[in-house]
Amino acid sequence: YAAELATYPDHFKARFNLGKILARLGDWAGSIDQMREAVRIAPKRPEGYLFLARGLLNQSAPLDEVQGFAEKGLALAQAPDVKALGWFLMADVFSRRHQPDKVSEALRNARMQVSAEKGGTRHATQDH
């Protein structure tokens with residue numbers, strides 16, 4: 001992905017997938033940088049916002065910032081698996097804010113999306 005980005009720096013999929021790989025390797029700062037660029041390149045793609053929120057949450061960023069990106073991703077999300085990720089992130093944010101009622105609601109929403117996904121919707125967050 002890095003080689004592709006050297007030639008095509010605004011290629012969303014390469015940038016997004018590189019960010020995911022960096023996260024898996026434990027390079028959260030690198031992943032966050034890639035996801036910020038993914039959001040800049042494709043501001044209407046929810047995955048960038050959600051994975052940026054995930055990385056920021058992992059790095060104990062301010063919860064307002066994390067929640068803002070998660071909410072933006074949820075607002076843009078269409079596919080159930082993407083929506084489920086957004087709701088799981090929101091549940092984590094609410095848990096850290098000590099808001100158990102909101103955690104329960106977010107988890108309920110996430111479970112509904114997981115059930116909808118099992119009904120045969122494509123997987124928008126898979127590597128391609």
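Tutor: Helices here are DSSP runs of H or I with at least four residues, strands are runs of E with at least two, and both are numbered from the N terminus. This is a predicted model, in which local features need pLDDT of at least 70 and side-chain atom pairs count only at pLDDT 80 or more, while totals for chains, interfaces and linings use all residues. Residues are numbered from 1 along each chain as its sequence is written, and side-chain values use heavy atoms, with hydrogens and water left out.

Serine 60 sits in the loop between helix 4 and helix 5, and it counts as exposed because its relative accessible area is 60% (buried is under 20%, exposed over 50%, partly exposed in between, with a 1.4 Å probe and protein chains only). Although serine 60 is not a glycine, its phi is positive, at about 55°. Histidine 98, in the loop between helix 6 and helix 7, likewise is not a glycine and has a positive phi, of about 60°; at 71% relative accessibility, histidine 98 is exposed. For background, most residues other than glycine have a negative phi.

Leucine 52, leaving aside residues up to four places away in sequence, touches Ile32, Met35, Arg36, Val39 and Phe69, where contact means heavy atoms within 4.5 Å.

Helix 4 also packs against helix 6, at an angle of about 30° with their axes 10 Å apart (axes are lines fitted to C-alpha atoms, for helices over the stretch in contact, and angles between N-to-C directions run from 0 to 180 degrees). That makes helix 4 roughly parallel to helix 6, since angles under 35 degrees count as roughly parallel, over 145 as roughly antiparallel, 65 to 115 as roughly perpendicular and the rest as oblique. Their crossing is left-handed, that is, the near helix is turned anticlockwise from the far one by less than a right angle, clockwise being right-handed. Among the residues making this contact are Leu50, Phe51 and Leu57 of helix 4 and Leu85, Leu89 and Val93 of helix 6; by class it has 9 nonpolar, 1 polar and 4 charged residues (Ala, Val, Leu, Ile, Met, Phe, Trp, Tyr, Cys and Pro are nonpolar, Asp, Glu, Lys and Arg charged, and the others, Gly among them, polar).

Helix 6 passes helix 7 in a left-handed crossing, and the contacting residues include Trp87, Phe88 and Phe94 of helix 6 and Val103, Leu107 and Val114 of helix 7. They divide into 13 nonpolar, 3 polar and 4 charged.

Helix 2 and helix 3, finally, pack at about 160° with axes 8 Å apart, and are therefore roughly antiparallel to each other, in a left-handed crossing. Among the residues that meet there are Phe12, Phe16 and Leu22 in helix 2 and Trp28, Met35 and Ile41 in helix 3, and the contact as a whole divides into 9 nonpolar, 4 polar and 3 charged residues.
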